[in-house]
Amino acid sequence: MSHSRRDFIKYVLAGSVTAGCPIDSTLLAAPPDAAATPLIDSEHFEVCHQVRDGHVFENPAPTQKAAIVIIGGGVAGLSAAYFLRGQDFLLLEKEDHFGGNAYQEEFEGQPFATGSAFADKGDYGDQLASKIGLKLLPVHNPDPTIVNKTFVPDTWNSGIDALPYPKEVRESFRKFREDMRKIKVRERLAELDSEPFTKYTAPYAPEIQQWWDSYGPSNWGATTQDTSAFIGIGSLQYIASGNEQRVILPGGLGCITHKLNEVLQPQYKDRLLGNATVVSIVPEKDEVRVTYYHENKLTTVAAKAVIVCVPKLIASRLISNLPAAQKAAMQHTRYAPYPVVNIIFDKPIYNRGYDTWCPRNTFTDFIVADWTVRNVPGYVQKHNILTFYTPLRENQRFTLLDENNCKTLAALVLADFQKLLPEFNANPLEVRLYRRGHPMFMGVPGQFTINRLAAAQPLDRIFFGNADSGGPESLTSESVRLSKAAAEWSAQVLAGNPNAKALAQKALASSSQ
Ligand SMILES: Cc1cc2nc3c(=O)[nH]c(=O)nc-3n(C[C@H](O)[C@H](O)[C@H](O)COP(=O)(O)OP(=O)(O)OC[C@H]3O[C@@H](n4cnc5c(N)ncnc54)[C@H](O)[C@@H]3O)c2cc1C
């Protein structure tokens, strides 16, 4: 695309890449007695940077009390608040909005996803959605692929015969699918989770790995080489089963956090605090002291129980006196930097598939925002909004810090899309890019069966929620499942029941998958 044409299109960048303090460095939570002057200014990411860079905050003495403090207002934190309705909780969220990775935005009243896309029918996210009055609608569309300028519906079933590859490559796709189907993944969980998926893809045509090098980064942040074989093979078995039961509304899973906020605000407005960055968590014998930065000052709240719903990398920087092995496991958790690009057209350009895979492009796949409502009687598609998933490698994280890089990336996504099929060569009204530095933990070997268990061990008064306490991949349903358990755990802690820890450990050891 020429520069002049590119400049004509409106580009909007959103999202704070600093939200997850993206660049690793050694960070220290403040010792409780440290005497140092806080170095803070009005920007909330500045505070986060100071935590990242090891600044020692002088924690003021507690001036607030709450039975339960929830840290982080993504789907995990918001659902914990929902499960704790009627109780004395305080939720602290760093951004000025709630939702985390499941956050919807709108264009002229039409919602679209900036992150998390869909749930599975009946999973914890879907169950919560129904409870709060949302009926997620079925996708009913196996994933197509566009490759070599060819649209292939239902890639892993009938589509194999239509893949625009030589006969022997199609044969290899079929053999791979049949061989993988025979593997008993549950029985071999520990073994498969210790191996890279490439061990299983290597004997087949390289086009297979190319396909998974899109699917993996989009779904669990890792290329085939970095993917746990348990996750890769399990996913193939799921998508080739023909039993996919995905459900969603426009806005992706941001529709749930949007609605949760709407449901909670009237009664709990004062207990859901945005622009409140937690800078330190100090466990004491009878309470936990949580210090946060809000409205230009530091405040410490004393809590009886704390539910930590931020990623482990951040938790490791906030909590004092963590057991060394636990802290190491938290810091060992790997995260993919993950911008998402939304392209808004004022006319129908693509409505042929919900989630379409495009190996070897700047983006991995794209979804149609209003796919599940487009045929609802009375619905008119005013704009065709497409969401492009553009996961990056870890060593590309720093590129997100520069706005020009982000604009260039968004322009490349548009240019790649326009080249996919001749009918895509149209100019959009607007291109938006939502950047996140650390949103998705990577499904690397050992993360599910070993590392997460060490990282998310409950402390006496601290429960570790967030999607990265669950798995095998980063799932909204896991955030919700664990928050439900966290609400039960906190009731036990408040009642002084010594079994609270065992309950939290049980929730950690299980998984909805
Ligand atoms: C691009 C993308 C696509 C995805 N697609 C799907 C999908 O289709 N289906 C699915 O089930 N899952 C999907 N996921 C995964 C899903 O989004 C996550 O599992 C889920 O949203 C995580 O929610 P969470 O609340 O556990 O964590 P987060 O969303 O990470 O929330 C953490 C919150 O803590 C806040 N925070 C951080 N530091 C602090 C601090 N110091 N003080 C206060 N607050 C702080 C953050 O601002 C954030 O709001 C996707 C993820 C991404 C990134």
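**Cores, helices and charged pairs**

Author: In the largest nonpolar core, which has 85 residues, the members that touch the most other members are Ile146, Ile256, Ile307, Phe366, Phe388, Phe417 and Phe424. Such a core is a set of buried Ala, Val, Leu, Ile, Met, Phe, Trp, Tyr and Cys residues joined through side-chain atoms within 4.5 Å. Buried means under 20% relative accessible area, exposed over 50%, and partly exposed in between, with a 1.4 Å probe and protein chains only. The model is predicted: local features need pLDDT of at least 70 and side-chain atom pairs count only at pLDDT 80 or more, while totals for chains, interfaces and linings use all residues. Residues are numbered from 1 along each chain as its sequence is written, and side-chain values use heavy atoms, with hydrogens and water left out.

Reader: From which element does the largest share of this core come?

Author: Helices (H or I, at least four residues) and strands (E, at least two) are DSSP runs, numbered from the N terminus. With 8 residues, the largest share of the core comes from α13.

Reader: How many residues does the other core have?

Author: Another core lies apart from the largest one, and Val185, Ala229, Ala240 and Val444 are among its members. In general, nonpolar side chains tend to be buried together in soluble globular proteins. The size of this other core is 36 residues.

Reader: Why is helix α9 described as largely enclosed by the rest of the structure?

Author: The buried residues of α9 are Ala229, Phe230, Ile231, Gly232, Ile233, Ser235, Leu236 and Ile239. They are covered by elements including α5, α6, α7, α8 and α14, where contact means heavy atoms within 4.5 Å. Helix α9 (residues 229-239) is largely enclosed because the buried residues number 8 of the 11.

Reader: At roughly what angle do the axes of α5 and α8 cross?

Author: Val169, Ser172, Phe173 and Phe176 of α5 meet Glu207, Ile208 and Trp212 of α8. Axes are lines fitted to C-alpha atoms, for helices over the stretch in contact, and angles run from 0 to 180 degrees between N-to-C directions. The two axes come within 8 Å, and the crossing angle is roughly 65 degrees.

Reader: How many salt bridges does the count come to?

Author: A salt bridge is a side-chain nitrogen of Lys or Arg within 4 Å of a carboxyl oxygen of Asp or Glu. One network of salt bridges links Lys10, Glu105, Glu430 and Arg432. By this rule, the count is 25.

Reader: Are glutamate 95 and lysine 94 buried or exposed?

Author: Their side chains form a salt bridge, with 2.6 Å from N to O. As for accessibility, both glutamate 95 and lysine 94 are buried.

Reader: How many residues apart are glutamate 394 and arginine 334?

Author: A salt bridge of 2.7 Å, N to O, joins the side chains of glutamate 394 and arginine 334. The pair links distant parts of the chain: glutamate 394 is in the loop between β19 and α13, arginine 334 is in the loop between α12 and β15, and their separation is 60 residues.

Reader: How many disulfides does the count come to?

Author: A disulfide is a pair of cysteine sulfur atoms within 2.5 Å. Cysteine 358 counts as buried at 0% relative accessibility, and cysteine 406 counts as buried at 1%. By the disulfide rule, the count is 0.
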